[in-house]
Amino acid sequence: MKKILFLLVAVLFLASAEDSFAQMNRRNIKKNNRKISSFRGKKNNFNQQKKYNTLGLSLSALNYFGDLSPKPHSFSTDISFTRPAIGLSFAHRFGPRYSVKANAMFGTLRGSDADSADPNDTNGKFRHVRNLSFRNNIQELSVVGVFDVYKNESTYISRVKGTPYGFIGLAVFHHNPQAKAPDTDLNGQPLAEAGQWVNLRPLGTEGQHANLASTDVNSGIKKYSAIQIAIPFGAGVRFRINEVMDFEAEIGFRYLFTDYIDDVSQNYVDLSKLDGELARAMSYRSGELSAPISTGVDELLANNYVASSGYRVVAGYGDEHPENVRGNKDDKDIFMVTTFRLTYIIGKSFHRAKFR
């Protein structure tokens with residue numbers, strides 16, 4: 001009897017213990033599930049071993065948007081005037097998505113009314129008659145922040161195969177707008193500089209060096225500097241070629257704080273107030289055109305007169321008047337930079353594993 005009673009107590013104890021263990025196990029499972037659901041992974045520290053530098057060589061295409069564009073809107077440009085630029089870059093990656101890049105770029109911008117503006121277009125004929133042109137050699141230094149879309153959590157060896165990126169920064173550049181001098185001055189006399197590329201900034205083609213009265217349309221006009229700042233911004237995509245080389249393709253813009261990248265911004269001034277025949281010849285170029293060109297252009301050229309300056313000009317051009325605009329000072333010039341860049345990781349070594 002005692003044995004039977006002992007066995008019943010033992011069975012009841014084991015059953016109670018099993019139920020207690022089952023409840024504890026269910027609680028542990030729920031606790032572990034909560035931990036798993038809230039787990040976000042161990043924070044990956046982008047330490048010094050994962051940081052690296054790159055050296056890049058780039059070939060770019062420059063396109064100008066400004067007063068001498070074919071049409072009077074911000075995104076008008078003449079693709080035929082696309083000009084090349086070369087560049088060097090140095091970048092430092094300091095985070096899984098972030099790099100800082102320093103660039104040096106050398107290139108040329110071009111624009112021409114006669115070649116770009118359609119003489120048969122309603123607006124283009126007025127630009128064609130203006131007949132201004134320029135080239136500008138740009139030497140730029142910039143620093144930009146680069147922000148990758150996809151993270152690179154590991155070392156350079158395991159970096160992502162490709163990622164889009166965006167960039168924005170600050171640039172300083174030297175520029176020097178030039179134009180080719182005509183054969184003769186406004187009096188029909190031969191120019192010593194005929195056929196040569198002439199620096200426009202020292203000439204003050206809009207009265208920057210003239211003694212203008214307060215009533216003159218360009219009164220208070222200031223000389224523009226050869227050194228300017230800009231904001232470079234844009235986007236691109238980067239592809240991994242091998243362990244130490246990448247290829248980048250990007251489109252960027254330079255927002256400028258000057259409207260004189262083409263030496264054109266405000267109104268025509270009284271030509272007699274400009275300093276010398278060369279300055280006058282480079283300020284007013286409509287007289288170099290001769291009919292026939294197109295019906296609209298020919299009609300404009302035929303409407304000419306002798307201005308108070310003593311020079312014969314086409315009506316609306318080359319004479320001081322509030323409506324005789326040479327450019328649009330309310331819109332700053334910009335230019336676009338399309339870049340293809342090959343980069344090389346420096347200061348790192350790569351060793352392949354060896355097997356028998």
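The model is predicted: local features need pLDDT of at least 70, side-chain atom pairs count only at pLDDT 80 or more, and totals for chains, interfaces and linings use all residues. Residues are numbered from 1 along each chain as its sequence is written, and side-chain values use heavy atoms, with hydrogens and water left out.

**Exercise 1. Find the residues that touch the most other members of the largest nonpolar core.**

Start with the term. A nonpolar core is a set of buried Ala, Val, Leu, Ile, Met, Phe, Trp, Tyr and Cys residues joined through side-chain atoms within 4.5 Å. Buried means under 20% relative accessible area, exposed over 50%, partly exposed in between (1.4 Å probe, protein chains only). The largest core has 25 residues. V129, L203, L278, M282, Y284 and Y317 touch the most other members. Next, look at the elements. Helices (H or I, at least four residues) and strands (E, at least two) are DSSP runs, numbered from the N terminus. Two or more core residues come from each of α4 (277–283), α5 (295–302) and β11 (312–314). The most come from α4, with four.

**Exercise 2. List what Y317 contacts, leaving aside neighbours within four places in sequence.**

Contact means heavy atoms within 4.5 Å. Y317 then meets F126, V129, R130, Y268, Y284, S286, L300 and N324.

**Exercise 3. Locate the cis peptide bond and describe the backbone of N131 and D263.**

Begin with the rule. Most residues other than glycine have a negative phi, and most peptide bonds are trans. The cis bond joins A291 and P292, with omega about 0°. P292 sits in the loop between α4 and α5. N131 is not a glycine, yet its phi is positive, about 60°. The loop between α3 (124–130) and β4 (133–148) holds N131. N131 is buried, at 11% relative accessible area. D263 also has a positive phi, about 65°. Its place is the loop between β9 (245–256) and α4. D263 is buried too, at 2%.

**Exercise 4. Describe the lining of the largest pocket.**

On a 1 Å grid over the protein atoms alone, a pocket is an open set of points where a 1.4 Å probe fits, with protein on both sides within 12 Å along at least five of seven lines; lining residues have an atom within 4 Å of a point. This pocket has 22 lining residues. G66, D67, P72, R127 and N328 lie nearest its centre. The largest share, three residues, comes from α3.
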